Amino acid sequence: MKRSLMARLWPNATALVLFVVFTFPVYWMFATALKPTGDIIADTPVFVPTDITFDHFRKALNADHFWTLVGNSLTVTVLAVVFSLVIGLLASFALARMRFKGRRGFLLTFMIAQMAPWEVMVIAIYMIVRDADLLNSLIPLTAFYMIMVLPFTILTLRGYVAAVPKELEESAMVDGCTRRQAFVKVIFPLLAPGLMATSLFGFITAWNEFPLVLILNKDAEKQTLPLWLSSFETTFGDDWGATMAAASLFAIPILVLFVYLQRKAVSGLTSGAVKG
């Protein structure tokens with residue numbers, strides 16, 4: 001009986017400790033953003049804010065170019081995710097359902113691209129964008145963000161498409177559907193968890209990306225939120241309340257999206273990893 005109790009207690013205790021370790025920084029960020037300045041700089045830490053204030057959020061929201069940069073970040077992130085899903089879905093279907101020469105090499109190329117650090121290609125990317133006269137533009141950011149998340153999207157969706165029985169597609173085609181109609185009416189609705197998993201990964205990757213926009217976009221109105229957030233020392237000085245408020249505003253879209261998609265995203269990732 002004691003062994004059974006201990007066997008259940010240790011995993012739960014470990015999970016609780018990990019939960020506290022990983023969530024405390026997020027809690028501290030939001031709590032600091034809601035504290036008055038006096039509580040933030042007090043010698044004794046205030047773990048639970050009692051006098052809540054939204055002045056720090058108002059200061060962050062009224063910062064120069066904030067709403068312009070929000071629009072820039074949403075534009076490049078959403079477009080990159082949508083384009084990568086469309087291209088990745090078509091490519092993953094071809095890789096999962098069709099057999100052609102060079103298929104394994106094609107997959108290996110995507111795996112290598114997924115593992116390669118993008119930082120080593122920043123100089124080459126800058127030269128390409130400069131020669132195309134597209135510096136300080138959102139177009140190259142969108143294109144390269146899409147390229148960043150595309151290998152993961154293809155590899156994940158390929159496994160998820162492979163998990164859908166071929167018999168469903170064949171039955172639809174026997175009933176008179178074309179291959180395209182069978183894909184749209186039968187396979188596509190079953191791919192929702194996989195699409196949500198890859199879209200969540202793509203959104204986080206593009207939303208947090210920093211080096212490319214730092215190199216390609218020097219115009220303050222053509223930058224994105226990560227670069228704006230990194231300049232908090234010159235924007236807010238030692239105002240840690242406004243800094244934490246800005247960081248909280250930057251994190252809120254990802255937290256909301258993750259909470260909304262977490263169940264389907266987890267099932268999509270696990271399903272996409274089983275077959276292939």
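**Note on the predicted model: salt bridges, cores and a helix pair**

1. Two salt bridges are present in the structure. The term covers a side-chain nitrogen of Lys or Arg within 4 Å of a carboxyl oxygen of Asp or Glu. This is a predicted model, in which local features need pLDDT of at least 70, side-chain atom pairs count only at pLDDT 80 or more, and totals for chains, interfaces and linings use all residues. Residues are numbered from 1 along each chain as its sequence is written, and side-chain values use heavy atoms, with hydrogens and water left out.

2. Helices here are DSSP runs (H or I, at least four residues), numbered from the N terminus. Arg 58 is partly exposed at 46% relative accessibility. Asp 55 is partly exposed too, at 42%. The classes are buried (under 20% relative accessible area), exposed (over 50%) and partly exposed in between, with a 1.4 Å probe and protein chains only.

3. Asp 131 and Arg 130 form a salt bridge, with their closest N and O atoms 3.3 Å apart. Asp 131 is exposed, at 60%. Arg 130 is partly exposed, at 41%.

4. His 56 also belongs to helix α3. His 56 is buried, at 6% relative accessibility. Beyond its neighbours within four places in sequence, His 56 has contacts (heavy atoms within 4.5 Å) that include Thr 32, Pro 36, Ile 40, Asp 239 and Ala 245.

5. The largest nonpolar core has 35 residues; Leu 191, Leu 225 and Trp 228 touch the most other members. Such a core is a set of buried Ala, Val, Leu, Ile, Met, Phe, Trp, Tyr and Cys residues joined through side-chain atoms within 4.5 Å. Among the elements giving it two or more residues are α1 (2–34), α4 (66–97), α7 (138–163) and α14 (240–274). A second, separate core of 16 residues includes Ala 80, Leu 138, Phe 144 and Leu 212.

6. Helices α9 (residues 179–190) and α10 (residues 192–208) have axes that come within 5 Å and cross at roughly 60°. Axes are lines fitted to C-alpha atoms over the stretch in contact, and angles run from 0 to 180 degrees between N-to-C directions. The pair is therefore oblique, a class left after roughly parallel (under 35 degrees), roughly antiparallel (over 145) and roughly perpendicular (65 to 115). Phe 188, Pro 189 and Leu 190 of α9 meet Ala 192, Pro 193 and Leu 195 of α10.
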